[in-house]
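Hello,

Here is the structure I said I would pass on. My notes on it follow below.

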Amino acid sequence: MSPRLSRARLAISLAVLIALIFSKYFYLAGLTSYYTFYLIGKFGMSVQGAQIHLFVFLGSVAAGTILGGPLGDRFGAKYVIWGSILGVCPFTIALPYADLFWTEVLTVLIGLILASAFSAIVVYAQELVPGQVGLIAGLFFGFAFGVAGVGAAVLGKLADATSIEHVYRLCSFLPLIGVLTALLPDLGRR
């Protein structure tokens with residue numbers, strides 16, 4: 001446990017980080033699992049064309065994941081968390097209303113920005129609980145994969161009952177959970 005934080009403050013901080021992981025991976029599960037269907041349904045794209053768009057989006061997610069570490073080192077994990085979870089909101093909220101060109105631009109921005117959060121969240125959590133690197137990494141990686149799997153299933157069921165466009169409009173607000181970052185203590189920079 002961080003020597004500067006009470007048990008209650010530590011528990012709240014870890015709960016906030018878990019909520020942020022939930023918002024990030026639930027949103028990404030919907031985007032990655034149903035993006036091709038969204039493009040086919042909304043824009044009449046071919047399967048091949050939609051898969052190329054998915055490839056570009058997933059490339060931006062990979063790039064964002066790589067960029068998140070150095071950004072966290074330079075600016076601090078909490079600032080990267082702020083910027084990546086809450087900062088992506090204008091793009092996620094605009095996405096369901098965009099034409100095809102802007103859909104591609106927005107999904108690349110969403111992938112780059114949102115993916116940069118994960119390494120910052122894990123590092124921040126490890127700084128909260130020093131000496132428990134494996135426990136924290138396992139907890140956050142396991143939760144991220146688990147919530148993504150559950151998210152894909154829940155969102156698929158919702159899409160069957162409504163539409164993929166409805167799911168995208170609903171999920172567009174998930175990054176607003178990023179306001180909880182305000183509850184995280186400043187741990188200082190190394």
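**Notes on the model**

With a relative accessibility of 64%, Lys157 counts as exposed, because the cut-off for that class is over 50%. This lysine belongs to helix H7, residues 133-161. Between Lys157 and Val167 there are 10 positions in sequence, and their C-alpha atoms lie 9.9 Å apart. Please keep in mind that this is a predicted model.

**Overall fold**

The protein chain has eight helices and zero strands. Read from the N terminus, the order of elements is therefore simply α-α-α-α-α-α-α-α. The C-alpha trace spans about 55 × 35 × 25 Å along its principal axes.

Of the 190 residues, 46% count as buried. Among contacts in the protein chain with a separation of 6 or more, 81% are between residues 24 or more positions apart. The accessible surface comes to about 9100 Å², and carbon and sulfur atoms hold 71% of this area.

**Helix H3**

Which residues of helix H3 are buried? In this helix, residues 77-86, they are Ala77, Lys78, Val80, Ile81, Ser84 and Ile85. They cover an arc of only 155 degrees around the axis, which puts them on the same side of H3. An α-helix has 3.6 residues a turn, so residues three or four places apart point the same way. The cover over the buried residues of H3 includes helices H1 (7-43), H2 (47-75), H4 (89-94), H5 (100-115) and H6 (117-128).

**Lys24**

Is Lys24 buried or exposed? Its relative accessibility is 2%, so Lys24 counts as buried. Lys24 sits in helix H1. Apart from neighbours within four places in sequence, Lys24 is in contact with Ile85, Leu114, Ala115, Ala117 and Phe118. Ile85 is also one of the buried residues of H3 listed above. From Lys24 to Leu39 there are 15 residues in sequence and 21 Å in space, C-alpha to C-alpha.

**Phe91**

Phe91 is part of helix H4. At 23% relative accessibility, Phe91 counts as partly exposed, because buried would require a value under 20%. Not counting residues up to four places away in sequence, Phe91 touches Leu106, Leu109, Ile110 and Ile113. Phe91 and Ala161 are 70 residues apart in sequence, with their C-alpha atoms 25 Å apart.

Regards

Technical notes:
Residues numbered from 1 in each chain as written. Predicted model: local features only at pLDDT ≥ 70, side-chain atom pairs only at ≥ 80, totals over all residues. Heavy atoms only, no water. Helix = DSSP H or I, 4+ residues; strand = E, 2+ residues; numbered from the N terminus. Buried < 20%, exposed > 50% of the residue type's maximum accessible area, 1.4 Å probe, protein only. Contact = heavy atoms within 4.5 Å. Areas by Shrake-Rupley, 256 points an atom, 1.4 Å probe, with all protein chains shown as cover. Arc of directions from axis to C-beta.
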